[in-house]
Amino acid sequence: MKASGHSLVVSLLAVLVFASPCRAAAPSEWLAYPKGFEYTSEWLSCVVKPSGEITAVKARDVLLVQDLFLHGTYKPKDRHDARFFQQAAEQAGSLEVRKLEEGRYAVAKSGVLRNKRYAEAAKYSQHVTLSPDRMEFRYEVETLVPLSSNTKIFLTLLTLPMATYANRGYRLRKGEGGGSLNVFPEAYDKRSDIRAGGVTELRVVLDKGHFVLETGDNTVISLSDTRGWGGKGLRADVHAFIPWRQKPVTYPAGTKFAWSFRLVFDHEK
Amino acid sequence: MSRLKLAAVFVLLGPFACTLEARSAEPLTPLPEAPYRALEFDRTRLGPAGWRLNPVPSDWQTVSLDGTWKYKELPLGKAAKDPFANPLDDAGIHEGYYKSDFDDRGWDDFPVPWSWYRAADGGRGKYVSGKLAWYRRTFELKPSQLAGGRRIVLDFRGVAAQADVWVNGRKAGPRHVGRYDSFQYDVTPLARAGANTLAVRVYEWRGDTSYRRRDVGGIYQPVRLLAVPSPLFSNRMMVTSLVERKMIEVEAEFVNPTGSAVTRKLTAEVAHWPTGRVANTLPLRAVAIAPGRHWLQLGRIALPNPVPWSPDNPHLYTLRLADEQGRSVGLQRFGFRDFRARGEWLYLNGKKFKPRGFTFSVRTLSLLHNRDGDTEMLLRFMKSLGINMIRPHSGTGMRRETFYNLCDEIGIAVYEDWSGCCYAHRTGDRNRSDNLLSSWPVYEAHVRDYYSHPCLVMWSFGNEFYEGQGGTYYSANVDKLYGLLKDLDRQGRPICGSTGRYNIGLIQSGLLKERTDVLDDHQYRGATVGSWQDNIDHIEKYARAAFKFYGRPKPKIDCEYAVPGDNLRYRTLTFKRLFPAFQLDPASAEFKRRYIDFLTSKTAEIGGYIRGKLNYCSPRIYVTDEAECRRLYSQKLFKRVVEVYRRAGTRCLGGHTNAQYYDLLLPPGAWGNTASAYGKPGPIPQGRTEWFVMPLAFTVKRVYNPVLVSAGVFNQHPLPGSKQTVPIFVTNDLNEPGTFEVEAQLRLGDSTPVALPRLAFGTMEGMTQKSIPLTFVVPRPAATARGKLELHLFKNGERVGDNDYPVTVVADDSTPIPPGGKVALYDSAERVFRGLITDTTTQALKAVGCRPEPLKSFDELDRYRLLIIGANSFDKTLIDAGERIHRWVKNGGKILCFEQRLCGKVPFYPNYSIVAGSSATYVSMSVPTHPLFRGLEQEDFDNWFGQRGYAFEFALNPLNEGLVAVAPTGSHNDREDARPVIADVKLGKGQIVFSQLTVTKRSASDGVARACLRNLLHYALRDGVSRFALELPEQAFTKSLYVEDKDALFIDLRRAANRGFRDDVQGDRKGGWTDFGASGDFREIPTGPSRLQGKVPFRIIDPASNGGKSCIVLKGEKRPYFPDKVVGIPVGAKLNSVYILHTAMYAKPGPSVRYVFHYANGETREFVATTGRDIPDWWRPKDRANAIVVFRAGKKGLYMSEFANPLPKVEIKTMDIVSYGKSIPVVVAVTGRKRFVSVVAGQGEE
């Protein structure tokens, strides 16, 4: 919200707006939210950090997603940390929010991914639409340097809390098939390693409804149980479909990747 | 055949009732099958046996120089800096091997033509990177052959790869470099009447060894001498048909050996082949030919009333060029043919073309060499089965001239899969992409040499160029080659960048940049993985993806699918081992042990072949019933897949199956059948002297019928009385319309077939397809009946084809299955999968009249004798009650556990886990006598109806003696992929039956699934423990290993730690880990609190906060300078168990390290950790009895072992760690479990 006018009230409001993450929004133009944005509604809520990272996605009091951010990983030719995190990206302007209608907001963020090796590895843009029962995401990334990988390079990483999903039944769909049913195991056993790739819909049965993660065009989800390597729970990587190759493929600078997905809480009426 | 139509609402036929309109005419019988018979082939139809070379004009004299030559190999010596340079400075040059008077009597005899990589007896020779050898022979010339200005031309049809030729000691011409083209030398000035000496030095360097190259080496194609009457001659011509204009366009290569330019006015004579009837004679414009070798355009020649070449009518012509004196200058055989890709179609002479192909191993030709005309016979036989295109697989070598000439004459189109780049004359596949371009001159020469073969209709630059793999990129080079070939090939034949390259992943990846006229995918869905519906879905999805990427339709084919034909081979070794086992009682522990042994055998000969069969046939059938095994192979791995492709329309025009020629026709001899292995009579007689037709040939003929009737995926186990709808397809792949009808009937058992409604497809244009649903009510047999849905196709009133599909109708049995009290059902699926599931075990049981009591609590188990666990009911409540259930079974309880999806250890029976992966349509009945299979047969365990047709989705693990039925593997190479789907085990006084079959899901619609359900219930309801239930060695039953943080004592190793995780320099005694440098350290280990694999928490020291030290490395043979022990590590607690995070390097068998615990009461106890059980080597880690791999980084692993403290009530004061000095043990962390947790094995609570 722009600071406006000359009155003390407005000035005080402006101070409040810039002093803390803002709630709600006012008019329908794009507004900068340098301190982030907190979204609440009848069902879904979340916190959008200044970097564009989204945390604490909840359906009322049920934590659906702990963390959601743009991530990249490539196969380095020599040893170094070959990862990119949205949180560490060079920011191209601040987080922008636009109110679409009551309860619905659009959020936009862009930046340049980097790490110790590459000061400018790839530029990205993120568009999110927040609604009471769904969140829609679209990402576009363009490499600025050549990067190699056996499989996906850029993805949206979602960490899913085990406490919410342990022992819950779920269905995975790949394409237009009927889907396979499974249960998230409370105790990790390597034979229950979830690892599923090429998923286009994940639907989990929760107490008050279904949590659904569904992909857009040319987008898939790779699901894994990170407890297999010391992590704490489930992870969903959402990314453009790229087939796995036995030997790495090098993507030249200027290669574009785009993917989109929706996060829905299909609540029971 | 005429038929009566009877319009009747209700017709009673025998025991069956049909409520639909039916015809009562006599039932049709399928066209006779006639497999397994000696081939009856009129050999008088064959042309000359042996090599079929390009014809030469009749006024040229031809002398074959094939036969036995003298041969001497020379060592290649040290590889020169550039092994391709090949200077003429070997011993042969120095010692004059090329001279007329050289004495070669001591040399070896060697056949020509013959590949020098193959042993003289045809067996495999030694595969080497290259060879250098000299060949010599003499030949006679008559004076008449030299008179009248004749030219003597040496014609080499194929030498690999660099040839230098001498005649009578003088060099015949410049070195020829190339592998796949013919070349000639005019040796007139060198030759003389009488005896002449010919010496050929051949050199090849490939840079790698591969058995695939073995058929192209040395003088591997014929050599002939040509006496040419004209001073000018043409080796070859490139004839391009201009079909619409009824003309041909000709370019010819001339050789002018005269040393000065000549101008000739030539005449072109086009004649029909082989009659020689002249079609047209035309004088050509004068051509000026400079000395040497040149390609010249000769212009266009009209062809009145041309007869096009096609597989249906392989008409050939010859074009003869003559000089002013009428002497033949050259001759080229050709076919008037045009082949194009346009839109989503391929066009042959302007008409749509769909390949019905065969991927052909060219080794076949090498083996046969058309000896006795066998290659021609084989090709003609294949043609008779409906095959109209062959793709000689590039990986199997280059094909011979004979092959193309035969295909021209017989009428088989060839999809030319170039193998040149695989065998380019630089270092093998490592530079494969660059080799594509660097081998263009070789390829160009080959294209020009073979240009005019009408069979050659389509190009591919090689097999499976996967973009980006290993950093190899083909797009730019493939596109360049595309451009070069398009410029050269005036016929405009379609080009596919690489067969198999255009898979859906690559199309969607955006990496494809090159031009291609045809898309070619290789995929194996439905055969070894997935289901038929998966395959169909994939074809649809591919078509959409391809259209989206290219923005326009392109013809698409699939040149590898189903399964390699090698799948069916029978091996003596396999049978000698397996056959006796299958004579045992299948329910016995001995049989099961041997069965598991075979299934998991590393030996490809045994285990691999057994595992490979599981995808379509049980091992029992494979070993004991060869005829049935081959029948199943034909049906499941050929027929069904081909049908899917035939029905795909323009989404996939067709393709090439992977079956092999010996699956169609077995050559004479005794190999390839069971009878030869162990004397059991099989369908193939011993000691055959004739070629033998195999059942697959019949299947090919049926399903490659240009007009095909087929059924889509449908329920092949329908419930009696149910209404079924089967999509029936008629595919008209002829280029002419027809009026089609399909007569369908259901033939069950020995009963009279039930006629089903006739389907009138009406008039269908050529190259179209139509589908009509066939709806009928399934009969109600009194007893389970097996048979077929038969489809008979009529075109214009005449019967032209048929097809059939196995059907099983399980007799109605609606007798309720009263549980008889004391039977409980635990079914929580509806809650766990609320909104996702509609079929539950409760409903399935209700449908068969079984209503057990719902279990309210596991505390009430003792009230029951049988617990039925519903499908998808492993939830938290059941997991928590696991031990309770286990104890109840041991005390005499019984469990029938339906299909589960929660992967992990079975909560009440740790011998098994539920595992995901490799769901399939087929299940192998390993114990066919088991009551669960009562009334059912192996054939019934295939293709259970359902959205994907899977018979199971999740299986059990491991494979042990509890097995009753086993799942197929995704690959015959995977030993661990054979899993039980049904298991039956004894536990104490009780019994557990596991069924992972999709019984619950399918029993509402699949009669076999319903019968299985009833059998399972009846079996489980029996009193007592069945003899079919085997007792397995009981695994220590614990809850899934999990130590809560509050129960964990982290033993402090900071003072004892002597090394870090990273090491930079090997052997400098500094740095960390075991001092083997950066490539041998374990820097990936996470530090801080870590609950690796979610089981036991550890605190791994951060070296940065501990002076660079984070682990304890002790002495081993390879590192004697590390300490042999650390002592006095403080513990100070009472512990139930101790968990050690450790690993070892250079592990030796036997004891590796011992952990010594000193107790407060003065006692000590030791945990001796051995390599085999507790602390294996870190490299390529695998679980052992007391070592769980909890962390991996690449091929490195960290293990967790458990030590159950024998004195949990006494405080452990300290611990020591002592190496045995052989392996290098490394200890990373130690955690104790402080608080007691209930364990069935029972250590008392304090």
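Q: What makes L39(B) and W691(B) contacts of L665(B) in this predicted model?
A: Two residues are in contact if their C-beta atoms, placed from the backbone, lie within 7 Å. By that rule L665(B) touches L39(B), L378(B), F381(B), W691(B), F692(B), V693(B), M694(B) and A697(B), leaving aside residues up to four places away in sequence. As this is a predicted model, local features need pLDDT of at least 70, side-chain atom pairs count only at pLDDT 80 or more, and totals for chains, interfaces and linings use all residues. Residues are numbered from 1 along each chain as its sequence is written, and chains are lettered from A in the order in which they are written.

Q: Why is helix 18 of chain B called largely enclosed?
A: A residue is buried if 20 or more other C-beta atoms lie within 10 Å of its own. Helices are DSSP runs (H or I, at least four residues), and strands are runs of E of at least two, numbered from the N terminus. Eight of the nine residues of helix 18 (residues 695–703) are buried, so the rest of the structure largely encloses this helix. Its cover includes helix 15 (626–646) and strand 44 (798–809) of chain B.

Q: How do you know that the span of helix 8 of chain B agrees with its number of residues?
A: The expected span is 1.5 Å times one less than the number of residues. For the 14 residues of helix 8 (residues 475–488) this gives 20 Å, and the end C-alpha atoms are 20 Å apart, which agrees.

Q: Which residues of helix 8 of chain B are buried, and what do they pack against?
A: N477(B), V478(B) and L481(B) are buried. The buried residues pack against helix 6 (432–438) and helix 7 (440–450) of chain B.

Conventions:
A residue is buried if 20 or more other C-beta atoms lie within 10 Å of its own, exposed if 12 or fewer, and partly exposed in between; C-beta atoms are placed from the backbone.
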